[in-house]
Structures are given as structure tokens and as C-alpha cells.
Amino acid sequence: MNKPLISIIIPTYNRAFIIRETLNSILVQTYPYWECIIVDDGSKDNTFEVVNEYVNKDNRFSLFNRPENIIKGPNSCRNYGFSRSKGDFIKWFDSDDLLAVEALEKIVSNIELSTDVVVSSLEYINFDGNFLNKKHNFISNNLIEDYIVGRVTFFTFTPTWSRSFVLEQAEIFDENITNLDDWDFNLRMLYANPEIVFLDEPLIRYRVHTNSLSHEIAKLNFNEINSEITAREKHLTLIKTNKKANVIVLKNFIILRYKYFFREAMVQKNKHRFFYLKNLLKKELAILDFKGVIKTLFGFVIFSIFNKG
């Protein structure tokens, strides 16, 4: 087949201190047929100026400001970047992660005529560049259900999607979801039965943030928890219609998440603990888990009185 053009699309916001490393990892790729589209989400630092250096250095880089009539956020930047892209394959990427020098070459060498997506592995690093002892699970014989409950994950950046496949989808990134946006996107793509090539090789170095959304969930950031709930409920509706997974699997997982939110809210004396209690009870009642309802209420009363249990 002809050498495909790979479009790397990067949303960025206030990443002047680290985006050079990301762009350098793209610049040194052994596969030369790529374009990199960076969409700035209204940075307050000098991210725009830093990226512009690369635009002036190599015409494969393009830089855009997010249009003012588009909602702020990485998902709208990803969608806008896609609209400006020309590649045969699309790789959404983040502005602080790194591509292995032969990443694109290895991805392209695994593309076949019917390939809709190539999914590779990654290595976890911290902000000092040190490798973390953490395994990335992304291959499964029961992919959709395992993805739903987090036994496997693709993130936004390990897949490289066929442009034609993406164009067939009714929705790309949901601009109303801030947390679990990759979970939502990848699941919807999986529902469409893509032809997947798994490449069990770490082609990305993924920086683990101390201020990531997962940490915001642990801190009970109400907006991010609401985004997660919105994403889970969205897929509960989708699965009821498309029958791509056992709906009970997701219902039970949502209950587990509410139990986590409720437990943490009680321990932290969070003001939203009654909200989580109410919704947990509703979810347990919906599946007729009366034993669960009793245990939840008993735990609430005991902890409220004795501050433990």
C-alpha cells in the first residue's frame, strides 16, 4: 500500500514548560509522512510562542487557536483539529507525553488494507522521566465488557484510527464530557466493530500527573464526578439499545463507583455525601438489591454515630 499520512492531533493548554519534549519526540520520528496539528485552548502562558517555533522550523507542524465560537476544552480542540487534518490515519495525542522514535514506523508497518485501528501499549513515567512499575492492560477476549469496568484501557493516545472509520461515526469526542472522555470515545468506537490490530509494544511514554482527573475524583471534585456519572449513564442507555455488552455489568459497576464516592464522602465529611447516598440507594433499588440497600443504610447510620465502620 502507499505510505499513509498520519495526522497527530494535540490539544494543549498552558504547557509551555513541557510541550517541547512532546514535539521533539514527534520531530525525530523515523517515519516521515506525518502532520502534527496543535490546537491551543486559550493558554495564558507562552505555549503559543513555543509551538510556533516548531511551525517555523518544520512545515509538518500546524498551530491553531481554538475558535471562540467553540466550547473550551480538550475534546472540542480534538474535534476541531480533526476537521483541519488531512491524514489517512489519526493519532490523538497529549501535549506532555512522548512518542518512541520508531512509533509511527511500527504502527504503519502493522496496517493492513482492512485495518480500522492499531492499538499499541505504553510505558508509565513521572515528570522526572523515571519509569514507573505499572502495567498497561489493553488486550482482551471480552474487550467491550473489560473496557467498561476498567480491566483494559486504550486512553486517548494508544490507538491510531483510520480516518475513514472515524468519519463513519455519528459523534467523535463528546464535548460535554470532561472526565472519562477517552472511555466514552473508545467504547463508542468499539461498538462499531472496528478491525483492530494489537501491537504489544510500548510506543508511548505516558506521564502520570499528580493533578490528573483520577486524583480529582479522589479529592471528590463534584464536577468531575458528575462528568463520570454522565458518561456511565450515557453508555447504559447505549448498551440497552445496541446490546454490545451485558447491561448488568455496567449497572453493577456504576453501583461500585457510587459506593466509592459515598464512602469517601462520608470519611471526608463532604457536603455531597447525601447526594451520593440517595443515588446509591436508587441504583440498588433499581436492581432489587434489597440486601445492598440495608447494608448501605446500616453503614450510613453506624458511621454517622461512631465515625467509623
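Some ground rules come before the tour. Because the model is predicted, local features need pLDDT of at least 70 and side-chain atom pairs count only at pLDDT 80 or more, while totals for chains, interfaces and linings use all residues. Residues are numbered from 1 along each chain as its sequence is written, and side-chain values use heavy atoms, with hydrogens and water left out.

**Helices α11 and α12**

Let's start with helix α11 (residues 273-286) and helix α12 (residues 290-306), which pack at an angle of about 160 degrees with their axes 8 Å apart. Helices here are DSSP runs of H or I with at least four residues, strands are runs of E with at least two, and both are numbered from the N terminus. The axes are lines fitted to C-alpha atoms, for helices over the stretch in contact, and the angles run from 0 to 180 degrees between N-to-C directions. That angle makes α11 roughly antiparallel to α12 (over 145 degrees counts as roughly antiparallel, under 35 as roughly parallel, 65 to 115 as roughly perpendicular and the rest as oblique).

Who does the touching? On the α11 side, the contact is made by F274, L277, L280, L281, E284 and L285, and on the α12 side by F290, G292, V293, T296, L297 and F300. Contact means heavy atoms within 4.5 Å. By class, this contact has 9 nonpolar, 2 polar and 1 charged residues. Here Ala, Val, Leu, Ile, Met, Phe, Trp, Tyr, Cys and Pro count as nonpolar, Asp, Glu, Lys and Arg as charged, and the others, Gly among them, as polar.

L277 of helix α11 is worth a look. Leaving aside residues up to four places away in sequence, L277 touches F262, T296 and F300. The C-alpha atoms of L277 and T296 are separated by 8.0 Å, though the two residues sit 19 residues apart along the chain.

**Helix α10 joins in**

Helix α10 (residues 247-267) also meets α12: their axes come within 11 Å and cross at roughly 10 degrees. That makes α10 roughly parallel to α12. F262, M266 and V267 of α10 meet T296, F300, F303 and S304 of α12. This contact divides into 5 nonpolar, 2 polar and no charged residues.

**Cysteines**

How many disulfides does the structure hold? The count is 0, a disulfide being a pair of cysteine sulfur atoms within 2.5 Å. C36 is in no disulfide, and the nearest cysteine sulfur, that of C77, is 13 Å away. Seen from C77, the closest cysteine sulfur is in C36, and 13 Å is too far for a bond.

**Two positive phi angles**

Two residues other than glycine have a positive phi. F155 has a phi near 60 degrees and is found in the loop between α5 (143-148) and β7 (159-162). For L180, phi is about 75 degrees, and the residue lies in the loop between α6 (163-167) and α7 (181-191).

**Buried or exposed?**

Buried means under 20% relative accessible area, exposed over 50% and partly exposed in between (1.4 Å probe, protein chains only).

| Residue | Relative accessible area and class |
|---|---|
| C36 | 0%, buried |
| C77 | 1%, buried |
| L277 | 9%, buried |
| F155 | 14%, buried |
| L180 | 14%, buried |
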